[in-house]
Amino acid sequence: MSTYEATQPPENATCDTPGCGSVAKVRMIIPKSLFTADGVDHSQDPPTFDACELHWPGIRDTCMRNGHAVVDVTGDLRELMGEFPRWTVFTSDGGWLYASARVGKSKQGVTVHAYLVGQLRREILAMELFCAQQTAIV
Ligand SMILES: [Zn+2]
């Protein structure tokens with residue numbers, strides 16, 4: 001078993017799924033050890049696979065079904081929960097991360113979602129900022 005790392009792709013990365021080419025949301029870093037037999041020097045360039053939001057859940061699923069661990073290297077979910085105690089953080093089977101909270105005096109809750117802990121943190125911060133601005137206007 002090996003560990004695949006899921007991380008934030010570069011700004012202009014596109015999905016590596018043949019025929020797709022959508023904006024990539026997650027970059028999978030594939031362990032170098034798997035590629036030693038192909039005779040190519042990967043030491044400078046770790047193999048990666050960028051996936052869009054449509055293809056990421058399937059790719060993640062395939063890796064896990066093949067016995068690989070997929071580790072989110074952008075952050076720790078428990079740590080994130082500690083950082084934002086007002087938010088309820090939960091995950092879906094498809095690999096989505098969610099955070100929901102009741103913002104300000106509003107009775108209505110908001111939910112943000114992402115694929116990676118680092119992305120979810122940004123979504124929460126953006127939502128808190130947005131709500132703070134709304135409150136300031138009212
Ligand atoms: Zn795609």
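**Entry 1: the model.** I note at the outset that this is a predicted model, and I read each feature below with that in mind.

**Entry 2: the core.** I looked up the largest nonpolar core and found that it has 20 residues, of which Val-26, Ala-51, Leu-116 and Leu-120 touch the most other members. Helix 3 gives the most, with three residues. I also noted where the core lies: domain 1 (3-72) and domain 2 (77-137) both contribute residues to the core, so it lies between them.

**Entry 3: Leu-116.** I returned to Leu-116, one of the core residues that touch the most other members, and listed its contacts, leaving out residues up to four places away in sequence. Leu-116 touches Ala-6, Gln-8 and Val-26, and also Asp-72 and Thr-74.

Entry 4: Next I followed an open sheet, which is formed by three strands in the order 5-6-7 with antiparallel pairing. Strand 5 (88-91) and strand 7 are the edge strands, each pairing on one side only. On average, neighbouring strands of this sheet are turned by 20° against each other, with direction ignored.

**Entry 5: strands 5 and 6.** How many bridges join strand 5 to strand 6? I found four, with the two strands running antiparallel. I also looked up Thr-91, which stands opposite Leu-97 in strand 6.

How values were computed. Residues numbered from 1 in each chain as written. Predicted model: local features only at pLDDT ≥ 70, side-chain atom pairs only at ≥ 80, totals over all residues. Core = buried A, V, L, I, M, F, W, Y, C linked by C-beta atoms within 7 Å. Buried ≥ 20, exposed ≤ 12 C-beta atoms within 10 Å, placed from the backbone. Domains from an automatic or database assignment. Contact = placed C-beta atoms within 7 Å. Pairing = 2+ DSSP bridges. Axes fitted to C-alpha atoms, helices over the stretch in contact; angles between N-to-C directions.
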